[in-house]
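Take a look at the model below. We will walk through its build and then follow its charged side chains.

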Amino acid sequence: MRLQSAVWIVCVALGGCATLRAYDDPELKRDEVAVVAGDYRFNAGSPLTLILRAVDGKPLDARYHAVELAPGEHVFVVDCRLRETQTTSRHEVSASVAPGVRYGFTAEVAPGMRGCASVQLQSRN
């Protein structure tokens with residue numbers, strides 16, 4: 001139990017390394033859900049960071065950088081942070097996810113590194 005607590009504390013300190021189960025059906029197996037991941041909230045100087053902030057109107061707290069979802073249409077709120085210009089822009093992404101697929105976010109940077117022009121959800125399988 002102490003080890004579990006220590007791991008949880010380290011995860012929170014590192015910016016959320018846990019995955020939130022965001023569906024109600026206890027019968028769903030791992031290959032029947034989609035996993036959508038953003039970047040870790042704290043990183044080692046990455047020039048572009050895409051942080052998953054909310055899914056279907058429910059905010060994610062600092063423990064989580066990813067969610068497991070039932071297949072279907074979902075709405076994601078993603079913050080795009082650019083280190084060089086120290087700017088953050090918030091984007092809403094609507095997308096349909098499929099069972100057994102891992103997803104991540106990609107971004108198109110605006111001219112002059114003034115922020116992210118757009119953010120998209122992309123399969124990583």
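Arg53 counts as partly exposed, because its relative accessibility is 23%. This is a residue of a predicted model. Arg53 sits in strand β3 and Asp79 in strand β6, so the pair ties together parts that are 26 residues apart in sequence.

Asp79 has another salt bridge, with Arg90. Here the closest N and O atoms are 2.6 Å apart. Arg90 lies in strand β7, so this pair links parts eleven residues apart in sequence. Arg90 is exposed, at 57% relative accessible area. Shared partners join Arg53, Asp79 and Arg90 into one network.

Now step back. The chain has one helix and nine strands. Of the 125 residues, 35% count as buried.

How many salt bridges does the structure hold? There are four. One of them joins Arg30 and Glu68, with the closest N and O atoms 2.7 Å apart. Arg30 lies in the loop between β1 and β2, and Glu68 in strand β5, so the pair ties together parts 38 residues apart in sequence. Arg30 counts as exposed because its relative accessibility is 67%. Glu68, at 10%, counts as buried.

The loop between β1 and β2 also holds Asp25. Asp25 is partly exposed, at 35% relative accessibility. Together with Asp24, Glu27, Asp31 and Glu32, Asp25 forms a negative surface patch.

Methods
Residues are numbered from 1 along each chain as its sequence is written. This is a predicted model: local features need pLDDT of at least 70, side-chain atom pairs count only at pLDDT 80 or more; totals for chains, interfaces and linings use all residues. Side-chain values use heavy atoms; hydrogens and water are left out. Patches are made of residues with over 30% relative accessible area and no salt bridge: like charges are joined within 9 Å, nonpolar side chains (Val, Leu, Ile, Met, Phe, Trp, Tyr) within 5 Å. Accessible areas come from the Shrake-Rupley method with a 1.4 Å probe; for residues, only the protein chains shown count as cover. A salt bridge is a side-chain nitrogen of Lys or Arg within 4 Å of a carboxyl oxygen of Asp or Glu. Lys and Arg count as positive and Asp and Glu as negative; His and the chain ends are not counted. The place of a charge is taken as NZ of Lys, CZ of Arg, CG of Asp or CD of Glu. Helices (H or I, at least four residues) and strands (E, at least two) are DSSP runs, numbered from the N terminus. Buried means under 20% relative accessible area, exposed over 50%, partly exposed in between (1.4 Å probe, protein chains only).
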